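Subject: Model for you to look at

Hi,

Here is the structure I promised to send over. Please open it and keep it beside you while you read my notes below.

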Amino acid sequence: LTQPPPDAIRWDDVRELHVVRKLSEILRRRWGLTVALAGPDGRPGIPQAPPLAPSAACRAVQAVPAGERACSEAAAELGRRAADPAAGLPSRTTCHAGLGLCAAPIVVAGKPAGLVWTGGFAVDDTSAGRFADRLVALRVDRDAARAAVEGLQALPAADLEYLGELVRLIAEEIALYQTDLARRSRPARAAAPGSGRVYENIVGRSGPMIELCRLLDKVVDSDSTVLVHGENGTGKELIAEAIHHHSRRRSERFVVQNCSAFNDNLLDSELFGHKKGAFTGAIADKRGLFEVADRGTFFLDEIGDMSPALQVKLLRVLQEGTFTPVGDTEVRRVDVRIIAATNRDLKRMVDRGEFREDLYYRINVISLTVPPLRDRREDIPDLVQHFLLRQAAARRGREKRLEPACLSRLVDYAWPGNVRELENEIERLVVMAGDEPVVGEALLSPRLLRAAPAAGPASLPEAVGALERTMIKDALERRGGNKTRAAVDLGISRRNLIRKVSRYKLDRARGPAPRR
Ligand SMILES: Nc1ncnc2c1ncn2[C@@H]1O[C@H](COP(=O)(O)OP(=O)(O)OP(=O)(O)O)[C@@H](O)[C@H]1O
Ligand SMILES: [Mg+2]
């Protein structure tokens, strides 16, 4: 999937946004002003040669080269100020030609991503005089200058206020669209804050996943054996792969073998290879996977299923780096990092004499536990989005969206089969939905529909309160924390909303996609 970085504004889409078009239309009709959309460098965000000319007065200035240059520089300076929070973008100011200018930064995920501005109007009684002087200084043709001064649009204070508000609204709408886009198109990748290492294939932002990343950061650079623990379908193999891909062995092979897939003899020959004639059917020499994985990483899945005989051979590789192929006398030496995984309780198996104690301590140098999905429900929306995108890519179709009620069911479910089960459920939903772009909860598989929604509130007031809280939270998220708009959506006054936000303690989780 190739996508522009989430913070690069998609100007083509933005220009077409209904709200942006409507608001721009108001500016044009009411004051004859054009809205200028610019990137963080102040350059126009839409294909149009700089400088921008938001009004007729601006066009008169730009009719001469010196004026055009001055406008270009002023626009670039505006861009610099918008990109630098310390410099601060003045919401209202006057330009080099003495005319009024209104600007608002577009802030996406806390970072300046561009600006919206307009200008070229009179702000007070002195504007026209200063503008006329400037036109003379720039050597604008006299007739053109007179026409420009006469046609200068004056904005009374109240209009100016309103204009500023509209410009800010446009910037907010764009930011909202971008934020939503970034969140929907790019589920959070797992990373420990401040580490700079992002595990691109691992989706998640929950506390337990962040903890896991902290551990991963520590183990990737070492050669120690790692034991990955976790229930079925939690992502053990994914973690093992991530370790390999972030280690210095990344350019070598990552070899996977499931230890319960074969009978003992076959597994022996699979892992360590065999000499021709070592047993019936051994018609040629065969390299074992340990040799294939030399200098790379070997992932031994379901290590708890390995027979005692093979456990001995494995211990030797781990301790001495050597092994002997089946039917051979020659010792081979390899440099392999081992990552083992199991969903069984190896310690208990040791106690019961089913797993060698020495091997247990040898592979358990570092142990990672992948948390089950029910302990990291926060990751479910991201995972759902990740799988929806995958499905869309695999089917070369448009990405589907889940109705909020459908997503809630997925978040509330206990997921005995963990991430794999969730993945299958999403695939099923996509198939069931057919051409429908939005998936409703009715399409969920029967076991999900049968499952009682998570323990609900006991009384009617509690239920109403819970519903109110959820609706307010959703509205705020949808509106990027903008209370005015969330209040409109909810059909209540802003003051009322503020009261409720504080009552439900929703003011702590601010912003659309809180990260820890
Ligand atoms: N955090 C995650 N982000 C994205 N995909 C995930 C994540 N965790 C698991 N998956 C996906 O879920 C599926 C199961 O993961 P994986 O095979 O790694 O789990 P496992 O623990 O090895 O399962 P099993 O116990 O069945 O062997 C895979 O398709 C994997 O890509
Ligand atoms: Mg597995």
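One definition to begin: a contact, or touch, means heavy atoms within 4.5 Å. By that rule Ala278 touches Val326 and Gly327, leaving aside residues up to four places away in sequence.

A word on the ground rules. This is a predicted model, where local features need pLDDT of at least 70, side-chain atom pairs count only at pLDDT 80 or more, and totals for chains, interfaces and linings use all residues. Residues are numbered from 1 along each chain as its sequence is written, chains are lettered from A and ligands numbered from 1 in the order in which they are written, and side-chain values use heavy atoms, with hydrogens and water left out.

Back to Ala278. This residue sits in the loop between strand E9 (273–274) and strand E10 (286–287). Helices (H or I, at least four residues) and strands (E, at least two) are DSSP runs, numbered from the N terminus. Ala278 counts as partly exposed, at 29% relative accessibility. Buried means under 20% relative accessible area, exposed over 50%, and partly exposed in between (1.4 Å probe, protein chains only). From Ala278 to Pro325 is 47 residues in sequence and 9.4 Å in space, C-alpha to C-alpha.

Ligand 1

There are 18 residues around ligand 1, and Val203, Gly233, Lys236, Arg420 and Glu423 come nearest. A residue is near a molecule if one of its heavy atoms lies within 4 Å of it. By class, the shell has six nonpolar, six polar and six charged residues. Here Ala, Val, Leu, Ile, Met, Phe, Trp, Tyr, Cys and Pro count as nonpolar, Asp, Glu, Lys and Arg as charged, and the others, Gly among them, as polar.

A backbone N or O atom of Gly233 lies 3.0 Å from an oxygen atom of ligand 1. For Thr234 the corresponding distance to a ligand 1 oxygen atom is 3.3 Å. For Leu238 it is 3.0 Å. The protein covers 88% of the 630 Å² of accessible area that ligand 1 has on its own. Those areas come from the Shrake-Rupley method with a 1.4 Å probe; for residues, only the protein chains shown count as cover.

Which elements give two or more residues to the shell? They are strand E6 (198–203), helix H9 (236–246), helix H15 (380–395) and helix H17 (418–433). H15 gives the most, with four residues.

Helix H4

Helix H4 (residues 65–83) has 19 residues. From first C-alpha to last, H4 reaches 27 Å, close to the 27 Å expected at 1.5 Å a residue. The expected span is 1.5 Å times one less than the number of residues. Its buried residues are Gly67, Ala70, Cys71, Ala75, Leu78, Gly79 and Ala82. What covers them includes helix H3 (56–61), strand E3 (100–108), strand E4 (111–121) and helix H5 (127–137).

In helix H10 (residues 264–272), Leu267, Asp268, Ser269, Glu270, Leu271 and Phe272 are buried. Asn263 caps the N-terminal end of H10: a side-chain oxygen lies 3.1 Å from the backbone nitrogen of Asn265. Gly273 follows H10 and has a positive phi, near 85°.

Gln257 is found in strand E8 (residues 254–258). Gln257 is buried, at 7% relative accessibility. Among the residues that Gln257 touches are Leu267, Glu270 and Leu271, not counting residues up to four places away in sequence.

Two positive phi values

Most residues other than glycine have a negative phi. Glu302 has a positive phi of about 55° although it is not a glycine. Glu302 lies in the loop between strand E11 (297–301) and helix H12 (308–320), and is buried at 17% relative accessibility. Trp415 also is not a glycine, and has a positive phi of about 45°. Trp415 lies in the loop between helix H16 (404–412) and H17. Its relative accessibility is 0%, so Trp415 counts as buried.

Asp217

Asp217 lies in helix H8 (residues 207–219). Is Asp217 buried or exposed? At 18% relative accessibility, it counts as buried. The side chain of Asp217 makes a polar contact with the side chain of Tyr199 (2.7 Å). A polar contact is a pair of N or O atoms within 3.5 Å; within protein, one must be able to donate a hydrogen and the other to accept it, and residues adjacent in sequence count only if both atoms are side-chain atoms.

Best wishes
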